[in-house]
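I opened this model to take notes on its helices, its sheet and a few backbone details. My entries follow in the order I looked things up.

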Amino acid sequence: AITNMRRIEDILFKRQLEIREKFWKTNEREILVVGGFGSGKTSLGAVITLEALRLGLVCLMAREYETEIINTMFNYLFKFAEDEEREYMIRNWNKNENRIVHPSGGILFYRSLSEINEGYTKLRGYEFNVAVIDEAWKITEQAYDEVLLRMRAKPIQKVLLLSNNDKITPGHWLYKRFAGKEERIYTWENPFIDKKYIEEYKKKLSQEEFEFWAGKGWGQGLKSTYPLSEDNIVEFDKETLRMKVWKWKQWRSFYLGIDWGISNFACVLAAYDYDDEVMYLLDSWEWENTPIDEIADTLYKELQRKWGILVEEELYCVGDVAGKRKDWSGRTPYEIFSERRFKLEYFKPVPLAESVQKEQYLLRKKKIKILKPTDKIRTDRIINAYYSAYRIENDKVVKVNELEHIKDATRYLIWRFFLYPSVGEYIPGYVFKK
């Protein structure tokens with residue numbers, strides 16, 4: 001038996017305790033908890049999972065991707081566990097089967113509910129007592145229905161869904177199934193958040209915006225794809241541009257977003273100006289059915305000729321790991337570009353709707369601006385891509401035409417460069433690797 005356990009009342013705050021009591025002591029089988037940034041949703045889910053394990057139940061922790069579970073939910077789970085049960089669970093953690101055993105005999109499975117290759121179908125054959133789904137807005141209704149089919153272990157079957165309020169729109173399946181029945185936690189109800197931080201947001205946001213940030217209301221959806229206006233298009237005279245380029249070279253603030261498809265290849269050059277606090281989109285290149293080494297060689301020379309950029313010293317590149325293209329020798333674009341001393345980072349697929357929303361906000365705040373096209377500067381394709389590469393259908397982003405490759409390149413760049421600490425504000429990623 002575990003000795004000297006902390007009381008749950010000493011771990012959770014009042015609003016969390018109220019929702020916990022509803023979860024355990026009522027007949028409600030499914031509960032959606034909606035809240036703002038830092039409102040305590042994930043920590044509540046971790047505590048309820050820990051309690052279920054102590055009862056010897058079979059539990060499921062789920063998010064869109066398994067790595068997200070380990071990096072977020074497990075941090076809270078192990079934080080709230082007592083020393084001896086934490087040590088036991090870590091010793092009995094089977095990472096091949098995504099399973100952790102608790103000293104009580106309770107079992108925790110953690111699974112991805114991604115719609116990629118219908119990953120959620122891997123739940124078939126399992127039976128659970130308790131399921132906790134974090135960032136529930138990211139999963140499909142089909143994935144959730146699969147979870148419900150697995151909730152049949154005795155003696156209880158209960159599901160806790162956790163989500164930010166701004167991500168659930170009237171068209172979202174969570175809204176249709178739970179609106180009016182949801183439980184809310186507001187950021188200001190969490191006593192563990194620095195009150196000065198909350199006050200800062202209260203000062204710089206309107207009352208309506210502040211309440212929305214803290215967890216009130218529902219998301220409004222994507223509406224139009226991009227709010228591009230004349231204020232997002234800038235023109236510099238020759239001398240001003242020359243001085244800015246010199247400054248960006250000194251700051252090492254040139255970036256290249258890359259989209260490498262099977263037959264199409266596109267990239268967008270940008271520079272972040274720390275004085276203006278603006279990401280300027282400066283130029284673009286596209287190729288079709290062209291060998292990757294030829295693209296890399298041409299791009300290296302073009303960046304030097306048109307912008308005076310020393311690729312190996314003054315440029316950082318980002319791209320989506322989803323690119324599967326290889327050359328005749330089996331080398332990937334990452335390998336070929338690295339051979340030519342491009343500094344390159346690639347990452348897991350960027351979520352389409354969420355990254356579009358990020359760009360929408362930054363465009364409205366005039367944090368993204370596009371250099372006006374000239375005979376030498378090919379930003380016309382970037383502007384056209386913002387206007388027509390994507391469209392919104394049933395609150396979903398749909399790629400429309402060949403300009404999607406240019407648009408994807410800018411989306412990857414913006415997604416990687418701008419980090420966001422909360423709903424309603426984005427900040428530049430000063431931890432951007434060099």
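**Loops and backbone**

I found Pro155 in the loop between helix H5 (141–150) and S7. I took helices (H or I, at least four residues) and strands (E, at least two) as DSSP runs, numbered from the N terminus. The model is predicted, and local features need pLDDT of at least 70, side-chain atom pairs count only at pLDDT 80 or more, while totals for chains, interfaces and linings use all residues. Residues are numbered from 1 along each chain as its sequence is written, and side-chain values use heavy atoms, with hydrogens and water left out.

I checked the peptide bond from Lys154 to Pro155 and noted that it is cis, with omega near 10 degrees.

I next looked at Glu135, in the loop between S6 and H5. Its phi is near 50 degrees, a positive value in a residue other than glycine. Glu135 is buried, with a relative accessible area of 18%. Buried means under 20% relative accessible area, exposed over 50%, and partly exposed in between (1.4 Å probe, protein chains only).

Arg341 also has a positive phi, of about 70 degrees, although it is not a glycine. I located Arg341 in the loop between helix H12 (333–339) and strand S14 (344–347). Its relative accessibility is 51%, so Arg341 counts as exposed.

**The sheet**

I traced an open sheet of eight strands in the order S3-S4-S5-S2-S6-S7-S1-S8, with mixed pairing. Two strands pair if DSSP finds at least two bridges between them. At the edges I noted strand S3 (93–94) and strand S8 (183–185), each of which pairs on one side only.

I saw that helix H1 (residues 14–25) packs on the sheet and touches strand S1 (30–35), strand S6 (130–133), strand S7 (158–164) and S8. Contact means heavy atoms within 4.5 Å. The direction of H1 makes about 160 degrees with that of S8.

Is Gln16 buried or exposed? I placed Gln16 in helix H1, and at 1% relative accessibility it counts as buried. Not counting residues up to four places away in sequence, Gln16 touches Gly40, Ser43, Leu44 and Ile185.

Inside the sheet, I noted that strand S4 (residues 99–101) and strand S5 (residues 107–112) run antiparallel and are joined by three bridges. Ile100 stands opposite Leu108 in S5.

**Helix pairs**

I looked up helix H7 (residues 195–204) and helix H8 (residues 207–214), whose axes come within 8 Å and cross at roughly 140 degrees. Axes are lines fitted to C-alpha atoms, for helices over the stretch in contact, and angles run from 0 to 180 degrees between N-to-C directions. H7 and H8 are therefore oblique to each other. Angles under 35 degrees count as roughly parallel, over 145 as roughly antiparallel, 65 to 115 as roughly perpendicular and the rest as oblique. H7 brings Tyr197, Ile198, Tyr201 and Lys202 to the contact, and H8 brings Gln207, Phe210 and Trp213.

For helix H13 (residues 352–364) and helix H15 (residues 404–417), I noted an angle of about 75 degrees, with the axes 10 Å apart. That makes H13 roughly perpendicular to H15. Among the H13 residues that meet H15 is Leu352. In H13 I listed several buried residues, including Tyr361 and Leu363. Just after H13, Lys366 takes a positive phi of about 60 degrees.
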